[in-house]
Amino acid sequence: MKLFLIRHGMTKGNLESRYIGTTDEPLCAEGIAKIQSNKEKHRYPKQIQCLAVSPMIRCRETAELIFPGIKQDIVADFRETDFGLFENKNYKELSGTWEYEQWLGSNGTLPFPNGESREDFSRRCSRAFESLKNDWMERGVETGALVVHGGTIMAILSHQIPSDFYTWQVKNGDGFCLILEGTHIEIKPLFE
């Protein structure tokens, strides 16, 4: 089975380097243009059998741009992490605050204050992915796509191939191709 994991297009919050998790904002004009440009350059898969998305509008909009008319299966547990006190703020606004300095000092391993821990978030995303993958395998799906968040992709891939969470960081509109053959797992950049 071949699965494409694609991060949503850029939003205003992404442009401003904000922690956008639970904020449900749409794509910005630059984000739409970049997705359309990548599509015109044939950088996204042309044929998929199934499409799963985060419930957030930025993911649903991106999926519609890349795969117009394809039924979107919304998977609630693919939503981005809850950044708690950091939500919708950027590093400039948070710099110097005790909570932010503690979180940075932990290399991002502490839970977000009043938000979600990386462990809980990763467990949520990985459990949802395993359930979806098993369902698609049982149905004989050979090619599928997920349009989700950068954090969701990092959680899924660091679970598939035990590795550092941040190994799998990805830019807006980019992603990875996950190839599953029996117990063999291969991960390739989406844009090779």
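The legends below describe close-up views of a predicted model. Residues are numbered from 1 along each chain as its sequence is written. Local features need pLDDT of at least 70, and side-chain atom pairs count only at pLDDT 80 or more.

**View 1. The aromatic pair of Y19 and W103.** The ring centres of Y19 and W103 are 6.1 Å apart and their planes meet at 85°, so the pair is edge-to-face. Rings of Phe, Tyr and Trp (its six-membered ring) pair if their centres lie within 6.5 Å; planes under 30 degrees apart are stacked, those over 60 edge-to-face and the rest tilted. Because Y19 belongs to the loop between helix 1 and helix 2 (29-40) and W103 to helix 5, the pair ties together parts 84 residues apart in sequence. Helices are DSSP runs (H or I, at least four residues), numbered from the N terminus. Both Y19 and W103 are buried, that is, under 20% relative accessible area (1.4 Å probe, protein chains only).

**View 2. The aromatic cluster around this pair.** One aromatic cluster is formed by Y19, F83, F86, Y100, W103 and F112. Across the whole structure, a search finds 13 aromatic pairs.

**View 3. A charge over a ring.** The charged end of R43 sits over the ring of F191, 4.0 Å from the ring centre.

Conventions: Heavy atoms only, no water. Helix = DSSP H or I, 4+ residues; strand = E, 2+ residues; numbered from the N terminus. Buried < 20%, exposed > 50% of the residue type's maximum accessible area, 1.4 Å probe, protein only. Lys NZ or Arg CZ within 6 Å of the ring centre and 35° of its normal.
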